[in-house]
Amino acid sequence: MNQAHSSIESFDTAPARLTIHLDHVVANWRSLSRLAGKASVSAVVKADAYGLGLEEVSAALSRAGCRDFFAATIAEGARLRKILPDARIFILTGMWDGQQETVIAHRLIPALASIEQLSLFLALCRDRGPLPFAIHVDTGMNRLGLTPEQAIHLGADAHFSARFKPELIMSHLACPDEPTHTMNPMQLQAFQRVASAFKGVESSLSGSAGIFLGPDYHFDLVRPGIALYGGQAVNNVPNPMLPGVTAEARILQIRTVAAGDTASYGATHRFDADSRLAIVGAGYADGWHRAMSGSGVAFRSLKVPGAHGVVKDFSVPLVGRITMDLSIFDVSALPENYIACGDYIEIFGNYVSLDDTARAAGTIGYELLTSLGSRYVRRYRG
Ligand SMILES: *Cc1c(COP(=O)(O)O)cnc(C)c1O
C-alpha cells in the first residue's frame with residue numbers, strides 16, 4: 001500500500017477524498033479486450049497508474065487476467081515487481097548505464113529506444129546470459145525510439161537475429177485521438193514495414209485511442225492507459241468508459257454574501273445578487289488547477305466559465321480563485337437547508353466527467369489525474 005493512502009483522517013470527514021473504482025477499471029479493461037479482438041490488452045500503469053495507485057490498480061487488473069504492464073521508469077517497475085511476481089513488466093524509458101543490476105534483479109523488460117541503449121543491453125546479455133528486452137521504434141512522434149531504418153536494418157541482421165530475440169517491437173501514435181488525421185495511416189504503414197522485419201516477434205502500436213482506430217492498428221498487443229481509468233481517449237465522440245475515480249471535497253463552511261461583495265484572492269468575482277457560498281477543503285495543492293476558476297484567474301480578459309461541481313444532483317459553479325487548500329462554490333440555486341457543512345461536493349467522477357472538468361481548466365484528463373496530490377483520503381471500491 002502506498003504510504004499516502006493510510007491516513008489518520010477518516011474517509012467520512014476528510015477535507016478531500018477520492019473513491020477509486022477498481023471494479024470500473026477492470027470493466028474498462030474487459031471492454032477494451034473485446035474491442036481489441038485477438039490482440040492482448042496490457043495495462044499502462046506509469047505515474048502511479050495515472051494517480052489512482054500503482055499497486056491497487058495493478059493487482060486488480062492482474063486478478064482479472066492482465067499479464068503485461070508498462071511502467072515509465074525502473075523505479076516504478078521495481079515497485080510493481082514486488083506485487084506481481086509473474087507479470088511481464090516493460091519500462092518505457094529503456095535502460096541506462098548504472099541501471100543494469102536493478103533491471104536484472106527485478107526482471108524488468110526495457111523498451112530500448114536508441115542504438116546506444118541497445119549496445120549497452122546487448123553487452124549486458126553477453127556478460128550475464130540472455131535477458132528479455134523490447135525495441136521501441138519512432139514512426140513519427142519524434143520522441144523516443146530507433147528510426148524505422150535502424151530497426152529494419154537490425155531485423156535483417158542475421159548475426160543479431162541468431163543471438164537475440166526481442167520480446168516486443170513497439171511504436172507510439174502521435175494523433176490517434178483524431179481518427180481522420182493523416183499521421184495515423186502514415187505511422188501505421190511505417191510500423192507495418194518494421195514489424196515485418198521482425199518475424200515471430202510480438203508487435204504493438206496503439207495506446208487507448210489507437211484501439212478505436214480498428215483492427216489494423218491492434219497488432220499483437222495494445223497498451224491502454226487513460227481509457228482504463230475512465231478518461232476520454234478519442235475526441236468528439238461519446239466516451240464509452242466507466243469513471244475510474246471520483247474526487248470530492250467537504251463543505252467546511254456555508255456563508256452568505258451581499259450583492260456587490262467579492263470572493264477570494266484578487267476579489268475577481270463580484271456577486272450581482274445576495275448569494276450563498278460553500279467553502280470546500282480542496283485547492284490547487286490537491287490538483288484542482290487554479291485555471292479551473294475560469295474568469296476568476298488573473299490575466300484572462302474573456303469571461304470564460306470555470307468548472308462546476310455537483311452536490312445532491314445540483315450543478316454548482318466554482319467562483320473566485322481556487323486557493324491552495326480551499327475552493328468556493330456558489331450554491332445560491334439550491335433550496336435553503338438542502339445542504340449542510342459536512343456534505344461533499346464532487347469535482348469530477350460520477351456526475352461531472354473528468355474531461356469536462358479538465359477542459360474547464362484548459363487541460364486534459366491525463367494531467368488532472370496525475371496532479372491529484374497525496375493529501376486525499378482514498379477509498380478503493382471493488
Ligand atoms: C503513456 C503511453 C501509453 C498509454 O497511452 P494512453 O493514451 O493513456 O492510452 C502507451 N504507450 C506509450 C509509449 C506511452 O507513453
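1. **Basis.** This is a predicted model, in which local features need pLDDT of at least 70 and side-chain atom pairs count only at pLDDT 80 or more, while totals for chains, interfaces and linings use all residues. Residues are numbered from 1 along each chain as its sequence is written, and side-chain values use heavy atoms, with hydrogens and water left out.

2. **Ligand shell.** The ligand is surrounded by 14 residues. Here a residue is near if one of its heavy atoms lies within 4 Å of the molecule. Lys46, Tyr50, Ser208, Gly225 and Tyr366 are the closest. By type, the shell has 7 nonpolar, 4 polar and 3 charged residues. Nonpolar means Ala, Val, Leu, Ile, Met, Phe, Trp, Tyr, Cys and Pro; charged means Asp, Glu, Lys and Arg; the others, Gly among them, are polar.

3. The Tyr366 side chain places an N or O atom 2.6 Å from a ligand oxygen. Gly225 uses its backbone: an N or O atom there is 2.8 Å from an oxygen atom of the ligand. A ligand nitrogen lies 3.3 Å from an N or O atom in the His172 side chain. On its own, the ligand has 390 Å² of accessible area, and the protein covers 90% of that. These areas come from the Shrake-Rupley method with a 1.4 Å probe.

4. The ligand takes up the space of the largest pocket. A pocket is an open set of points on a 1 Å grid over the protein atoms alone, with protein on both sides within 12 Å along at least five of seven lines. A molecule sits in one if more than half of its atoms lie within 2 Å of its grid points.

5. **Helix H2.** Helix H2 spans residues 46–50 and includes Ala47; helices are DSSP runs (H or I, at least four residues), numbered from the N terminus. Ala47 has a positive phi of about 50 degrees, though it is not a glycine. Tyr50, also in H2, has a positive phi of about 55 degrees and is not a glycine either. Tyr50 is buried at 6% relative accessible area, whereas Ala47 is partly exposed at 38%. Buried means under 20%, exposed over 50%, and partly exposed in between (1.4 Å probe, protein chains only).

6. **Thr246.** Thr246 belongs to strand S11, residues 245–257. Thr246 counts as buried because its relative accessible area is 3%. Its side chain makes a polar contact of 2.8 Å with the side chain of His21. Within protein, such a contact pairs N or O atoms within 3.5 Å, one able to donate a hydrogen and the other to accept it.

Conventions:
On a 1 Å grid over the protein atoms alone, a cavity is a set of points where a 1.4 Å probe fits but cannot get out, and a pocket is an open set with protein on both sides within 12 Å along at least five of seven lines; lining residues have an atom within 4 Å of a point. Helices (H or I, at least four residues) and strands (E, at least two) are DSSP runs, numbered from the N terminus.
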